[in-house]
Each structure stands twice: as structure tokens, then as C-alpha cells.
Amino acid sequence: MKIVFLSVLVVLSMSVFASDMTRTVVKINGQPFSVQEIAASYSRTKAIQAEMLFPEFLDRFILQQLYIADAKARGRDTTNSFKQACRQYRERIIRKQLASQNTETERRFENYLQEQPPKLKVAHILCAVVPQASEQEKELARKRAYRLYARIEGGEPFEQLAVEASDDSFSAPNGGLLPAFSRGEFEETFEAAAFALEQDGSVSLPVLTPYGWHIIKRIGMECLVDTSNLRNKFDRMEKRFGSGMEIFPRRLTREDSVKIAQQVEAFGRNILIADSQRKYLLPVDTEQVAAYFKENKKKYRLKQPLFKGYVVECTDKKMARKVRKQLKKEVSIPDIMASLDHRNSDEKTVLRIEKGVYLPGQNQTVDKRAFKQKDLVADSVYNASFVYGKVLKTKPERYQDVEEAVMSDWEKWQHGEIKTLLAQKYPVEIDEDVLKTVNFDGLIVF
């Protein structure tokens with residue numbers, strides 16, 4: 001009797017749990033979402049953003065569902081472009097799933113991919129020099145290249161200068177972007193300078209090749225996201241040499257089909273969300289952000305001091321004095337760099353000027369000159385280096401001083417306004433009684 005009673009108790013407990021999981025937590029425009037659906041979505045989000053708490057997740061979940069409701073109300077999910085995108089995505093993941101079943105072929109393909117030489121993506125600005133150019137023309141090209149480099153160092157966008165000033169008509173319209181290349185594919189001097197750039201976003205000094213002076217920006221190593229061409233080449237090799245012959249036809253299991261359907265559905269939801277975001281989200285407006293910062297200025301007290309201004313790293317004291325005088329006159333960085341005659345300086349002279357906002361630990365020159373840190377390595381800061389600006393201890397002056405925090409809060413404010421607007425069109429009902437009885441952080445979803 002005890003065993004029978006225990007079995008009945010277990011069955012009853014499981015029935016109650018199943019019933020709890022099907023309870024509706026929230027309705028959006030009449031569509032119900034159960035405990036299980038919300039918990040599963042929360043679990044997926046936590047896997048990506050472990051620090052997110054449930055109230056913030058629920059707020060974001062509701063906004064996303066409102067975006068979807070709005071896109072559907074406008075008929076976005078019935079358009080041919082939407083259906084085609086979902087169909088193409090489904091075909092792509094089916095091909096991937098089928099290909100992954102042949103593990104031996106996939107292992108050989110992975111090895112084949114690893115054998116491919118890495119490719120580097122860069123952009124460049126060319127100040128062309130024709131072979132028959134005079135010495136005066138060559139010197140003018142060199143000066144133009146260094147002036148452009150100074151403007152980049154001064155903060156002007158590389159891509160914009162490439163469009164405006166590069167003599168390479170092929171790459172200039174695309175911000176100077178070149179096709180990805182491996183070693184041995186480009187001119188040797190250009191290639192050496194490009195591969196010497198260690199960090200994405202770093203820019204080289206002007207480099208002379210037979211084509212003229214180049215300023216090179218590293219974009220990054222090419223990721224083999226689209227390997228379709230390599231895959232086709234590999235499959236042709238497999239067929240030709242016979243090592244990729246398949247004995248059994250590949251088929252999708254029922255479990256595969258369910259997973260693929262879920263992935264396609266999620267992909268479609270993302271398209272609808274993005275469509276509504278383009279309609280409602282405002283582009284970043286500096287005046288609006290500045291006004292938001294001014295209204296909420298009291299909440300942005302600094303947790304640690306920061307320095308805002310110019311950092312001049314220099315080895316020549318005479319040159320440093322000239323730069324300081326120019327900064328006091330509010331001369332721009334490009335004009336300062338262009339006005340200095342580097343040819344009369346020692347070849348080992350170093351001069352770098354940048355403007356920004358710095359926290360302790362972000363720049364050694366700032367740490368030593370502005371924050372007066374004494375525990376730095378003696379040779380880590382040049383003797384002629386200096387800073388020109390001010391240290392803020394508790395109160396930021398502009399939103400750029402605490403830009404990351406202000407932008408995050410401004411975006412949350414904007415999302416809240418959009419959510420309020422959409423909720424007036426598409427009703428949102430939250431069952432607070434259900435929320436009180438479910439611990440979504442401790443819930444395990446099978």
C-alpha cells in the first residue's frame with residue numbers, strides 16, 4: 001500500500017508541476033505566453049548575458065513581442081521578401097545539418113580549411129606617384145600623405161578621408177577597403193607594413209611603394225564565415241579522388257526537423273523585431289543625449305577621477321614647447337602636425353598627440369603627469385611628454401565624460417518610451433499572481 005500511495009503522490013506532483021508550467025504569465029495583443037515559454041526564453045538569454053536579472057529580461061521580452069505584433073499588424077510577415085529570407089535560412093541550416101552527419105568527410109573538410117593561409121583585410125589611402133614623377137612631385141605626394149596621416153591621428157575618420165582624398169579609384173568609394181589577401185599576393189613593401197600592424201583598427205605611417213605613398217589601416221583577419229566556395233572546391237576534389245564517397249544517404253531525423261523549425265521561427269521573429277526597430281528607434285542624436293544628460297546630471301557622479309584633454313608623447317623638449325604653445329592657441333592637431341618640420345629633427349624623435357578622456361591605468365603618460373602616480377617604471381614615459389587639459393574628480397562636465405553610462409541609460413529611456421507607445425496599440429496583460437509563485441532563476445526547463 002505504501003508503494004502504491006507513493007506512486008500516486010509522484011504522479012499527482014508531476015501533474016501539478018506540468019499544470020504550473022502551462023499557466024499564462026503574460027498576454028501581448030491577446031497572445032498568451034506560458035511559464036515554460038518565458039522560462040525557456042530567459043534561460044537562453046542568461047546563457048548569453050549571465051548578469052541579466054529576470055525583471056530586466058521580462059521588460060525586454062515584452063518590448064520584443066510588441067515589436068513583433070506591430071510588424072505583423074503592418075503585414076511584414078506576409079511579404080515575399082520575408083518568406084524568401086526564412087526559406088533560404090531553412091535551406092542553409094538543413095544543408096549544414098546534413099553535411100554534419102558525415103563526420104569523416106567533415107573532419108577532412110575542417111583540416112582542409114585549417115590548411116588555407118590566413119587572409120588579412122585592410123583599407124588604404126593612396127597618394128599616387130607615377131614612375132616618371134619629378135623629385136618635386138614626389139616630395140609633394142610625401143607631404144600630402146603625412147598631412148592626411150596627421151588628420152587621422154587627430155581623430156578624423158579614416159574611411160571618410162579615403163573617399164575624399166585617396167588616388168585609388170577602385171577602393172576609395174568603399175572607404176579604402178581592399179580585398180582580403182595572404183602573404184605573397186600584394187606588393188612586398190605594402191604587404192610587410194600591413195602584416196606588421198598587430199591590432200585591428202591600427203594605422204601605419206605613410207609607406208612608399210612603386211605606386212606612391214600608402215596609409216594602411218588594419219581591419220582584421222578574415223573569418224571564414226562563408227566557406228561555400230571552398231566547400232565546392234573540396235567536394236570536387238573528393239569526387240575526383242574518391243575519398244568522399246558516401247555509403248549511406250543522409251536524412252533528417254524528426255528531432256532535427258523540430259530543431260530546424262524552431263530555429264527558422266526564431267530567425268523570422270528577429271527579422272520582424274529588426275523591422276520595427278528601424279521604424280521606432282531614433283538614431284543617436286548628440287543634442288538629445290546632451291539634453292538627457294543635463295536633466296539627469298546628478299546621477300552621474302564620477303566613481304574615480306578622470307583626465308580630459310590632450311596627451312603629447314614626445315622625446316624632443318624644443319618640439320614639446322612648440323606643441324604646448326599651439327595647444328594654448330587652440331590650434332587643431334592636424335595643423336600642429338603639419339606645421340612642424342620633422343626633417344630638422346633627429347630620426348629617433350617621437351611625437352604623438354591625441355585627445356580624449358582617460359581613467360587611471362589607461363595611459364601611462366596621463367598616470368604620471370595628470371594623476372601624479374610615482375610607482376611607474378622610470379623609462380615608461382618620455383622626458384618631454386606632457387598633458388594639456390584638466391582632471392575631473394567628482395562631476396563630469398559633458399555627457400562624453402561618462403558616455404558609456406549615459407548612452408546606456410538613454411537607450412533604456414528610449415526603449416521605455418517605445419514600449420509605452422506600442423502598449424497603447426497592443427495591450428499587455430501581466431499575471432502578477434503567477435509571477436509571485438514562480439522562481440524563474442531557480443526553474444529548470446526540460
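**Salt bridges and a charged patch**

Biologist: How far apart are the closest N and O atoms of the salt bridge that Arg76 forms with Asp275?

Modeller: This is a predicted model, in which local features need pLDDT of at least 70 and side-chain atom pairs count only at pLDDT 80 or more, whereas totals for chains, interfaces and linings use all residues. Residues are numbered from 1 along each chain as its sequence is written, and side-chain values use heavy atoms, with hydrogens and water left out. A salt bridge is a side-chain nitrogen of Lys or Arg within 4 Å of a carboxyl oxygen of Asp or Glu. For Arg76 and Asp275 the closest N and O atoms lie at 3.2 Å.

Biologist: How many residues apart in sequence are the parts that this pair ties together?

Modeller: Arg76 lies in the loop between α3 and α4 (80-101), and Asp275 in helix α10 (residues 254-280). Helices are DSSP runs (H or I, at least four residues), numbered from the N terminus. The pair therefore ties together parts whose separation in sequence is 199 residues.

Biologist: Is Asp275 buried or exposed?

Modeller: Buried means under 20% relative accessible area, exposed over 50%, and partly exposed in between (1.4 Å probe, protein chains only). Because Asp275 has a relative accessibility of 13%, the class is buried.

Biologist: Which residues do salt bridges that share partners join into one network?

Modeller: Asp275 also meets Arg278 in a salt bridge (3.7 Å, N to O). Both lie in helix α10, three residues apart, about one turn of the helix. Arg278 is exposed, with a relative accessible area of 60%. The network joined through shared partners consists of Asp70, Arg74, Arg76, Asp275 and Arg278.

Biologist: How many residues apart are Asp59 and Lys419?

Modeller: The whole structure holds 19 salt bridges. Asp59 and Lys419 form a salt bridge, with their closest N and O atoms 2.4 Å apart. This pair links distant parts of the chain, Asp59 being in helix α3 (residues 54-73) and Lys419 in helix α15 (residues 403-425), at a separation of 360 residues.

Biologist: In which helix does Lys318 have its place?

Modeller: Lys318 belongs to a surface patch of positive charge, together with Lys317, Arg321, Lys322, Arg324, Lys325, Lys328 and Lys329. Such a patch is made of residues with over 30% relative accessible area and no salt bridge, like charges being joined within 9 Å. Lys318 counts as exposed because its relative accessibility is 55%. Its place is in residues 317-328, helix α12.

Methods. Patches are made of residues with over 30% relative accessible area and no salt bridge: like charges are joined within 9 Å, nonpolar side chains (Val, Leu, Ile, Met, Phe, Trp, Tyr) within 5 Å. Accessible areas come from the Shrake-Rupley method with a 1.4 Å probe; for residues, only the protein chains shown count as cover. Lys and Arg count as positive and Asp and Glu as negative; His and the chain ends are not counted. The place of a charge is taken as NZ of Lys, CZ of Arg, CG of Asp or CD of Glu. Helices (H or I, at least four residues) and strands (E, at least two) are DSSP runs, numbered from the N terminus.
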